Amino acid sequence: MTEPRLRDAVRALVVDPGRRVLLVRFEFPDWKGWATPGGGISPGESDEEALRRELAEETGLDEFDLGPLVWRRTHLFELGEWDGQVERYYLVRVPEFVHAPRLTWEELNDEYVTAVRWWTLDELEATREQFAPRRLADLVRDLLASPPARPIDVGV
């Protein structure tokens, strides 16, 4: 049995002063749901460089201080030449802003991104939408109450 080919990826838990979380909607052929913005790390990029590129592309966010690494996740799924990815999630606290992706919607759709929106904790807990990680509402509630001292594995 061969080892899965896993892509390194970074994601941001973008939180504003109103404790809203910015999420992107993905519509893959076999899964549709909401996840934190982010994506694959290009060769030679640091986590911070990749996250700055991804946040600008998907949300228009350029100016931010990178917070701590709070979550980790390994997720197996078909992704072109990859069998999945190893994700690192960073907390990014920002002032309130209107998201305006740098990529066109056609470019975002090519990456399976179909929407971007802010979510309150109450909305996360009340909706029937799917999230990645699956228990995102519980994870966000815990994080907003007390960020972990060390990164935690959040599962699928």
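Student: Which residues of helix 1 are buried?

Tutor: In helix 1, D47, A50, L51, E54, L55, A56, E57, E58 and T59 are buried. Buried means under 20% relative accessible area, exposed over 50%, and partly exposed in between, with a 1.4 Å probe and protein chains only. Please keep in mind that this is a predicted model, where local features need pLDDT of at least 70, side-chain atom pairs count only at pLDDT 80 or more, and totals for chains, interfaces and linings use all residues. Residues are numbered from 1 along each chain as its sequence is written, and side-chain values use heavy atoms, with hydrogens and water left out.

Student: Why is E57 called buried?

Tutor: E57 has 18% relative accessibility, so it counts as buried. Leaving aside neighbours within four places in sequence, E57 is in contact (heavy atoms within 4.5 Å) with P101, R102, L103 and L108.

Student: How do you know that the span of helix 1 agrees with its number of residues?

Tutor: Helices (H or I, at least four residues) and strands (E, at least two) are DSSP runs, numbered from the N terminus. The expected span of a helix is 1.5 Å times one less than its number of residues. Helix 1 (residues 47–59) has 13 residues and should therefore span 18 Å; its end C-alpha atoms are 17 Å apart, which agrees. After helix 1 comes G60, with a positive phi near 85 degrees.

Student: What makes R19 and Y112 partly exposed rather than buried?

Tutor: R19 has 43% relative accessibility, so it counts as partly exposed. Y112, at 36%, therefore counts as partly exposed too. R19 sits in the loop between strand 1 and strand 2, and its phi is positive, near 65 degrees, in a residue other than glycine. Y112 belongs to the loop between helix 2 and strand 7; although not a glycine, Y112 has a positive phi of about 70 degrees.

Student: How do you know that strand 2 and strand 3 pair?

Tutor: Two strands pair if DSSP finds at least two bridges between them. Strand 2 and strand 3 (residues 31–35) are joined by 5 bridges and run antiparallel, with a hairpin of 2 residues linking them. E27 has K32 in strand 3 as its bridge partner.

Student: What joins strand 3 to strand 8?

Tutor: There, 2 bridges join strand 3 to strand 8 (residues 131–132), and the two run parallel. A35 has A132 in strand 8 as its bridge partner. The peptide bond from A132 to P133 is cis, with omega near -5 degrees.
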